[in-house]
Structure formats: C-alpha cells, structure tokens
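The entries follow in the order I looked things up.

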Amino acid sequence: MLAQPGPDLLSLNTATVRAQWTLAQIIEGCAKHQIRGISPWRDQVAQLGLKETARLIRDAGLKVSGHCRGGMFPAPDRAGRLAAVADNRRAVDEAVELGAACLVMVVGGLPKGPDGRPVSKDIAGARQMVRDGMAELLEYARASAMPLAIEPLHPMYAGDRACVNTMEHANDLCDELGSGVGIAVDVYHVWWDPRLKAQIERAARAAEKRILAFHVCDWLVPTIDLLNDRGMMGDGVIDIRLIRSWVEAAGYRGLHEVEIFSAANWWKRNGDEVLATCQERHRQYV
Ligand code: ZN
C-alpha cells in the first residue's frame with residue numbers, strides 16, 4: 001500500500017466550491033488553506049477575465065493542473081463542427097495564458113440540435129467526429145505546446161457529454177492521434193472498469209507521457225443524481241489509493257485534483273469547511 005500523499009500534491013478543481021465562491025474567492029481560499037494547485041473552468045475564467053485570473057493565480061503561487069475544459073466536438077453540420085474547433089482553439093490559448101499543465105477534453109456525446117436535444121443515434125459517427133475534431137485541434141495545440149488530455153467519462157454520459165468512455169478507448173485514440181495528446185484519469189469515471197489497471201499500464205508504455213491528469217472524488221452508493229452527486233473522498237466505494245498506486249507506477253507525478261459536483265451536500269457547505277475536508281480526505285484516502 002502506498003504512503004499518504006504529500007499535501008503539496010493536492011489541487012482544487014474550482015467546480016468543487018463553485019456554488020458558494022467566485023473564482024477570485026476560490027483562489028484566495030487556496031492560498032489561505034495552503035493548497036498549491038488549482039484547475040479553473042472556462043466560464044469562471046471568462047467572468048473574472050483571463051488576464052486577471054492568470055495574474056491572481058500567479059500571485060497566489062498556484063500550479064494549474066488543468067484547464068476545464070475543451071471538447072464537445074460532435075455537431076449536426078459542418079458549420080457546427082468548425083465552430084467547435086474554433087472554440088477549442090480559444091480554450092488552448094486560455095490554457096497557455098494560465099500556464100496549465102493540460103487542456104482537459106470532454107469530447108462530447110451525440111450531436112445536439114439548437115434545443116440541446118440529441119438529433120442522432122449514430123454513436124459511431126459521433127466518435128468519428130471526435131477523432132476528426134481532435135486531429136484538427138491537435139495541430140494548433142502542438143504549435144502552442146499545450147497537451148490535450150482526453151477525459152474518458154462514465155458511460156452514463158455517452159449520450160450527452162462524452163462518447164469516449166473507457167481508458168482503452170482513450171488509449172486507442174491517443175495511439176491514433178500521435179504526439180501532443182494524453183489522458184486525464186478521473187477515478188469517478190473509470191473506477192468500475194475491469195481493464196483499468198491493464199489500460200493504465202498500457203498508457204505507461206506509450207512513446208510520450210500519456211497520463212496528464214489525475215482527478216479524485218468518490219462514488220456514492222446510492223448515487224442519486226447523474227451529474228451532481230459526487231462524493232468526497234472516503235465517503236464512497238472507490239479504492240482511490242489503489243488507483244493512485246497504478247498511475248504512479250505508470251510514471252505519473254502530477255497533482256491530485258479534487259473535483260466534486262455535489263448539489264445536495266458539498267455545494268451547500270461553507271467553502272472553508274469544504275477545503276479543509278478536501279485536505280484531510282486527500283491525506284487519508286488518496
Ligand atoms: Zn474530471
């Protein structure tokens with residue numbers, strides 16, 4: 001069994017306290033609690049302003065474990081797919097400005113109409129659009145030296161958020177796309193997969209560094225909401241430390257990013273309490 005992680009390895013995904021704090025308050029909270037890493041969301045960055053966000057993060061001495069997020073490639077028509085790639089180029093620029101370790105990619109599910117409803121049942125076609133969109137974005141990302149981290153999402157999101165749902169599929173895509181792309185391993189999405197360990201080992205054999213991010217939270221039983229009922233580490237059924245041992249054996253030395261969407265629990269608590277709990281549970285369970 002691995003030892004407890006160093007406290008400097010903890011990074012806060014800003015979604016964890018987004019309901020109670022603004023991005024400026026979150027950055028201040030990290031500094032106050034001596035959390036050394038952060039991963040902001042694009043909407044929060046847009047609200048605070050990119051330059052101002054970069055300045056505050058620099059002044060607080062925070063490392064940026066990732067920028068959340070690019071992706072969402074599938075669209076019903078060519079114009080929509082081109083717009084998605086254009087928006088992703090802006091996300092790459094933001095990630096560069098923030099000094100992020102990677103741009104996290106939630107690749108998108110089935111193509112959606114203007115009302116947000118899926119307009120197709122062709123998931124193989126959606127996966128083709130993801131591959132094409134990634135390939136096109138990669139040229140730009142490579143020129144900007146910004147690694148793209150594909151985040152396989154739990155299969156319950158295949159319809160609406162990401163049609164890449166396993167480490168195996170993400171590894172296949174990385175093999176096909178070549179340099180400049182890797183994987184964000186989020187325990188919430190992949191813990192159930194019988195091939196997880198083997199696919200993390202496969203990632204370790206890639207020509208360049210493939211595991212670019214490690215996201216932690218916990219899987220609650222029962223889970224009462226498909227999106228916003230993630231658990232604090234230690235409150236659910238994921239053996240997070242075991243999975244950390246696998247990603248470290250694969251050479252990963254980056255931060256451990258806590259990412260908790262929790263409408264009924266953690267978003268209702270005092271932000272300082274949430275951060276202190278993240279630190280304590282990181283020590284105990286990650
Ligand atoms: Zn994640």
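Four donors count as tetrahedral if all angles lie between 85 and 135 degrees; four count as square planar and six as octahedral if opposite donors are over 155 degrees apart and all others between 65 and 115; anything else is irregular. I note that this is a predicted model, where local features need pLDDT of at least 70 and side-chain atom pairs pLDDT 80 or more, while totals for chains, interfaces and linings use all residues. Residues are numbered from 1 along each chain as its sequence is written, and side-chain values use heavy atoms, without hydrogens and water.

Entry: the zinc ion. I looked up its protein donors (N, O and S atoms within 2.8 Å of the metal, 3.2 Å for Na, K and Ca; water is not among the atoms, so sites may look incomplete). They are Glu-151 (OE), Asp-186 (OD), His-215 (ND1) and Glu-259 (OE), at 2.1 to 2.2 Å. The 4 donor atoms subtend angles of 85 to 147°, so the arrangement is irregular.

Entry: I found His-215 in strand E8 (residues 211–216) and Glu-259 in the loop between strand E9 (256–258) and helix H10 (271–285), so the pair ties together parts 44 residues apart in sequence. Helices (H or I, at least four residues) and strands (E, at least two) are DSSP runs, numbered from the N terminus. His-215 is buried at 0% relative accessible area, and Glu-259 is buried at 4%. Buried means under 20%, exposed over 50%, partly exposed in between (1.4 Å probe, protein chains only).

Entry: Ser-262. I placed Ser-262 in the loop between E9 and H10, and Ser-262 is buried at 2% relative accessibility.
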